[in-house]
Amino acid sequence: MINNLILMDGYGIYVWSAFVFTFFSFTSLYFITKKQYLRENKKFIAKFGNLNSERAAIAKNQNINKEILSNISNI
Amino acid sequence: MFKYFEPNKIFSITSRAPKYVLFFFVVIVSIGLIEALILSPEDYKQGNSVRIMYVHVPAAWISLGIFSMITFLSIFGYVFKIKNFFLIAKSFAPSGFVFNIIALVTGSIWGKPTWGTWWAWDARITSMLILALFYAMYLIAWRICEKKDQIYKITLLITIIGFVNVPITKYSVDWWNTLHQPASINLLTKSSIHTSMLFPLIIMTAAFALFSLLIFLMKYNTELIKIKNKGLDRI
């Protein structure tokens, strides 16, 4: 049965290469997107940390900033 | 109604959703792979090579669907002056492009045992290649254009011109004599595909749609944080 699944009557090379290419593309896209997300998050934290107390208070009043800070490394 | 599309409101949902979408994607794609590679039957003519259909067809459907969605979002965004629609469209584009490439490559792999060639300048294949070029132009435009007002017009133009190609791709098999067979699945009339093959195809399509949603959510969150980073510079 395993042999049948791998060889698929001679079509295995085509079928498996199509599936491997598809899931390799998925994995690459996922990790590239995740890397971009984490990089922007890191920048956000660094910029937020550099704000003085008055500016940080203004930034904290913005809902979306609170959301970003509470969801760091959420993915 | 459009106030619900404001980034502040959307971010609270989109930032939490990816982990759940990833979980559902893994579950559904696992079921789909078992169905596609083990449980579904061979085709009486094409044998086991028909299994390539389970990645090729959903990828082609979703790439066409995403391009149509990007076009409508760009048009609505421009007409109603909602910049967030452009941001949503931009966030969908990378997964649409990757699905387009997957459709082309897996189609080429399927072509070798079926037609005896890796590539043919057939109407369906050529129109899919043209769609990939429009996706590439759209993504490059966002990368290289720095003026915001210009980028909205440029990407709108690219999507509208590119959208002309979508019905051509869909109906190319009916309008011209091509190597591709006519559509086996029709929403209005009876489909010619057997349910034992239709079922895994639907599951794989659902899995691929979930994957594009996952990438969209991650990309959209990244774009929102980028905007907030620029906002912090101005405080």
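Helices (H or I, at least four residues) and strands (E, at least two) are taken here as DSSP runs, numbered from the N terminus. The structure is a predicted model, in which local features need pLDDT of at least 70 and side-chain atom pairs count only at pLDDT 80 or more, whereas totals for chains, interfaces and linings use all residues. Residues are numbered from 1 along each chain as its sequence is written, and chains are lettered from A and ligands numbered from 1 in the order in which they are written. The predictor assigns the complex an ipTM of 0.91 and a pTM of 0.89.

Chain A contains four helices and zero strands, in the order α-α-α-α from the N terminus. Of its 75 residues, 21% are buried, a residue being called buried if 20 or more other C-beta atoms lie within 10 Å of its own, exposed if 12 or fewer, and partly exposed in between, with C-beta atoms placed from the backbone. Helix α2 of chain A covers residues 12–50, and its 39 residues should span 57 Å at 1.5 Å a residue, which agrees with the 56 Å between its end C-alpha atoms; the expected span is 1.5 Å times one less than the number of residues. In the loop between α1 (2–7) and α2 of chain A lies A:Asp9, whose phi is near 55 degrees, a positive value in a residue other than glycine. A:Asp9 counts as exposed because it has 10 C-beta neighbours inside 10 Å.

Between the two chains, 37 residues of chain A are in contact with 41 residues of chain B, contact meaning that the C-beta atoms of two residues, placed from the backbone, lie within 7 Å. On the side of chain A that touches chain B, α2, α3 (53–60) and α4 (63–70) of chain A each supply at least two residues, and the largest share, 21 residues, comes from α2(A). The residues on this side of chain A comprise 20 nonpolar, ten polar and seven charged, where Ala, Val, Leu, Ile, Met, Phe, Trp, Tyr, Cys and Pro count as nonpolar, Asp, Glu, Lys and Arg as charged, and the others, Gly among them, as polar.

A nonpolar core is a set of buried Ala, Val, Leu, Ile, Met, Phe, Trp, Tyr and Cys residues joined through C-beta atoms within 7 Å. The largest such core has 63 residues, of which B:Ile52, B:Ala59, B:Ala89, B:Phe99 and B:Met204 touch the most other members. At least two residues of this core are supplied by each of α2 of chain A and α2 (17–39), α3 (53–79), α4 (83–115), α5 and α8 (195–234) of chain B. Beyond its neighbours within four places in sequence, B:Ala89 is in contact with B:Ile70, B:Leu73 and B:Ser74.

Several positions in chain B illustrate its local surroundings. B:Arg51, in the loop between α2 and α3 of chain B, counts as buried because it has 27 C-beta neighbours inside 10 Å. Not counting residues up to four places away in sequence, B:Arg51 touches A:Val15, B:Ala36 and B:Leu37. In the loop between α3 and α4 of chain B, B:Lys81 has a phi near 55 degrees, again positive in a residue other than glycine, and B:Lys81 is exposed, with 10 other C-beta atoms within 10 Å. B:Trp142, in helix α5 (residues 123–144) of chain B, is partly exposed, with 16 C-beta neighbours inside 10 Å. With residues up to four places away in sequence set aside, B:Trp142 touches B:Lys90, B:Ile151 and B:Thr155.Helix α6 of chain B (residues 148–163) has 16 residues that should span 22 Å at 1.5 Å a residue, in agreement with end C-alpha atoms 22 Å apart. Within α6(B), B:Thr155, B:Ile158, B:Thr159 and B:Gly162 are buried; seen down the helix axis, these buried residues fall within an arc of 95 degrees, so they line one face of the helix, the arc being that of the directions from the helix axis to the C-beta atoms. They pack against α3, α4, α5 and α7 (165–175) of chain B, while the face of α6(B) turned away from the buried side carries the exposed residues B:Asp149, B:Gln150 and B:Ile161.
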